[in-house]
Amino acid sequence: MKLCPLALLALLSLAPTIQATDWTTPAEAAHFRTTPSYADTLAYLDRLVAAAPGKLKLEQYGTSPQGRPMVAVIASADGTFSPEAARASNKPVVLVQAGIHPGEIEGKDAGLMLLRDFAVAGKLPHLLDHAVLIYIPVFSVDGHENASPYHRINQNGPDSMGFRGQAQYLNLNRDYIKADAPEIQAWLKLWQHWLPDFFVDVHTTDGADYQYDLTWYTEDPHKLDPGVAAWQKHLIVDQALPAYEKRGHLASIYLEFVDGRDPRKGIENFGSGPRFSTGYVALQNRPALLIETHMLKPYEVRVRGTYDLVELLLENIGRDPAALLAVNRKADAAVVARADDAGASVPLTFKADPKPEPYALKGYAFSLTHSDISDTQWIQYDPSKPKTYSIENRNGLLPDISVAPPAAYAIPAQWTDVLARLDAHGIAYRRLDHAQKIAAASYQLDRPQWASKPFEGHLMLRDFALTPATREVELPAGSAIVPLNQRAANVAIELLEPQAPDSLLHWGYLDAIFEPKEYGEPRVLEKLARDMMAKDPALKAAFEQKLKEDPAFAKDGNARLFYFFQRSPWYTAQDVGAYPVLRLNADQTKTLMSESH
């Protein structure tokens with residue numbers, strides 16, 4: 001059949017429209033064999049935003065160490081594109097993050113599909129009528145572009161995967177509290193700007209084989225405000241997950257096996273904390289969900305599973321947005337009010353609940369054989385034989401070490417690294433206008449022990465002896481007074497309490513306090529030791545007893561001399577181990593706050 005010129009011209013004029021309405025994502029076009037580059041990801045997002053400017057907005061919130069733009073998509077049914085507008089319209093803000101570990105990239109491709117179906121495809125037009133979505137397609141952008149087929153030996157596709165570390169070889173999901181990486185510093189500014197109401201972090205598992213296509217984790221209720229914990233459980237366990245499984249999926253709580261070579265020995269808590277995304281968000285009084293798709297399922301299954309769960313989460317939040325906003329407001333208010341509670345206690349560390357719960361693990365049959373290579377047991381699964389195991393679930397935690405929070409902390413002006421970390425986290429403080437002498441509570445720290453090898457660019461302080469102490473000091477002008485009647489007080493406590501697992505002390509920012517700067521020559525210490533023993537028979541007896549009980553000490557001439565120097569005023573005058581951060585009571589806080597700006 002021949003077309004007349006006018007009909008042919010009309011058909012040709014439609015070609016760009018037909019082409020423009022093809023919203024197949026790059027992963028879909030590749031049948032999920034590959035995942036797009038960062039440039040191709042941004043190009044697809046640019047097309048989406050251009051097609052739906054009233055629903056989508058692309059914003060750069062940072063720059064990676066290698067100079068790449070770090071972007072987030074703001075999505076809203078009615079163009080609510082700012083935190084002020086979200087608050088004014090009583091819409092909760094949901095932050096969904098993909099690619100913090102760029103080899104685990106399902107969240108990126110699921111997010112592109114979800115944004116398309118919301119903004120231009122007409123499939124989910126009302127998904128964000130009552131909420132605002134902030135979507136980070138790739139968090140670790142430099143790691144994403146450092147792609148290789150050989151980065152994740154445990155994982156079934158895509159063909160090439162990003163690298164777990166960013167360009168400075170830092171694992172961003174161990175950096176939230178210490179905030180060394182430029183990416184985390186940018187993320188913290190984004191967090192403070194929007195103060196999201198709910199957070200989702202998308203990953204892929206390592207570890208065992210089992211039937212589930214997705215596992216999930218939330219922080220233990222003891223780490224959360226009770227209202228936040230209850231809301232979180234209702235959303236995830238009561239609403240989203242049953243609907244998720246009705247779509248043909250199978251989900252499990254996070255599976256950290258006690259013994260990776262024998263899943264029958266049960267599961268335990270993996271040890272989350274404020275260095276991790278969800279652990280940090282808990283300090284910010286917000287609910288959070290860690291998604292871990294199963295590494296051995298096909299990439300398409302993992303992407304579609306992520307799509308379905310995130311869609312269901314947003315759908316259920318949109319049905320009752322006021323409930324989420326209310327629990328978060330109440331949680332923030334409770335932290336602020338705690339500053340006036342003399343009997344308040346804040347847990348710093350957690351221990352395993354000694355009472356496990358039963359759990360039905362939907363796994364596979366497996367065999368255990370002795371390996372002549374590793375000289376250990378080699379587990380081999382048989383996915384053709386599904387099998388359910390009754391195991392112990394030891395995920396539950398209980399508070400261990402707790403602390404009574406002060407009314408405020410005082411940080412001398414010279415500890416600039418500490419103040420920089422407070423700034424990174426948006427912790428409010430005031431600076432003293434002039435020097436102030438004060439006697440305040442603090443700690444004396446002794447017998448420090450460091451880890452034997454570095455971790456995330458730091459040699460961690462592993463252990464120390466802590467003794468409460470009162471210290472008379474002069475705080476220089478410019479010293480910081482950090483009141484704890486602020487919503488982010490839990491972050492300040494984690495940073496500044498020495499026993500907190502992710503304190504700045506543990507990360508090594510205060511190592512210098514353990515280093516004596518003045519020493520005694522051996523010939524001088526010989527005389528000092530004799531003089532001290534002559535004046536103090538009990539000291540002489542203790543020294544002689546240590547010689548008998550500690551052979552290594554007895555053989556070390558320098559240690560024997562240091563024994564006396566350490567107990568002399570020549571050493572104690574150096575304040576070795578004196579923790580520089582002071583704990584202020586309410587009266588001290590009121591006085592110092594009145595003389596600060």
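Me: In E20, which residue is the bridge partner of Ala-410?
Reply: Ile-481 is the partner of Ala-410 in E20. Before going on: this is a predicted model, where local features need pLDDT of at least 70 and side-chain atom pairs count only at pLDDT 80 or more, while totals for chains, interfaces and linings use all residues. Residues are numbered from 1 along each chain as its sequence is written, and side-chain values use heavy atoms, with hydrogens and water left out.

Me: Thanks! How many bridges join E16 to E20?
Reply: Four, and the two strands run antiparallel. E16 covers residues 408-411 and E20 covers residues 480-483. Strands here are DSSP runs of E with at least two residues, helices are runs of H or I with at least four, and both are numbered from the N terminus. Two strands pair if DSSP finds at least two bridges between them.

Me: And which residue in E21 does Ala-408 stand opposite?
Reply: Leu-584. E21 (residues 582-584) pairs with E16 over three bridges, in the antiparallel sense.

Me: Are the faces of E16 buried or exposed?
Reply: Both faces are covered, with Ala-408 and Ala-410 buried on one side and Tyr-409 and Ile-411 buried on the other. Buried means under 20% relative accessible area, exposed over 50%, and partly exposed in between (1.4 Å probe, protein chains only).

Me: What do the buried residues of H12 pack against?
Reply: They pack against H7 (182-194), E16, E17 (430-431), E20 and H13 (489-496). In H12 itself, residues 416-424, the buried ones are Val-418, Leu-419, Arg-421, Leu-422 and Ala-424. Just after H12, Gly-426 has a positive phi of about 70°.

Me: Changing topic: which residues touch the most other members of the largest nonpolar core?
Reply: Phe-139, Trp-187 and Phe-198, in a core of 125 residues. Helix H10 (residues 299-319) gives the largest share of this core, nine residues. A nonpolar core is a set of buried Ala, Val, Leu, Ile, Met, Phe, Trp, Tyr and Cys residues joined through side-chain atoms within 4.5 Å.

Me: What is Phe-198 in contact with?
Reply: Leaving aside neighbours within four places in sequence, its contacts include Val-93, Trp-231, Pro-287, Leu-313 and Leu-324. Contact means heavy atoms within 4.5 Å.

Me: Where does Asn-285 sit?
Reply: Asn-285 is in the loop between H9 (277-283) and E9 (288-293). Asn-285 counts as buried because its relative accessibility is 6%. Beyond its neighbours within four places in sequence, Asn-285 has contacts including Val-228, Asn-328, Asp-332 and Arg-487.

Me: What about the open sheet, what is its strand order?
Reply: The order is E8-E13-E12, three strands with mixed pairing. E8 (267-268) and E12 (357-370) stand at the edges with a single partner strand each, so one side of each has no neighbour in the sheet. E12 pairs with E13 (residues 377-394) in the antiparallel sense over 14 bridges, and Leu-361 has Tyr-389 as its bridge partner in E13.

Me: Last one: how many helices and strands are in the chain?
Reply: The chain has 19 helices and 21 strands. Buried residues make up 52% of its 597 residues, and the C-alpha trace spans about 120 × 70 × 45 Å along its principal axes. Among contacts between residues at least 6 apart in sequence, 77% join residues at least 24 apart.
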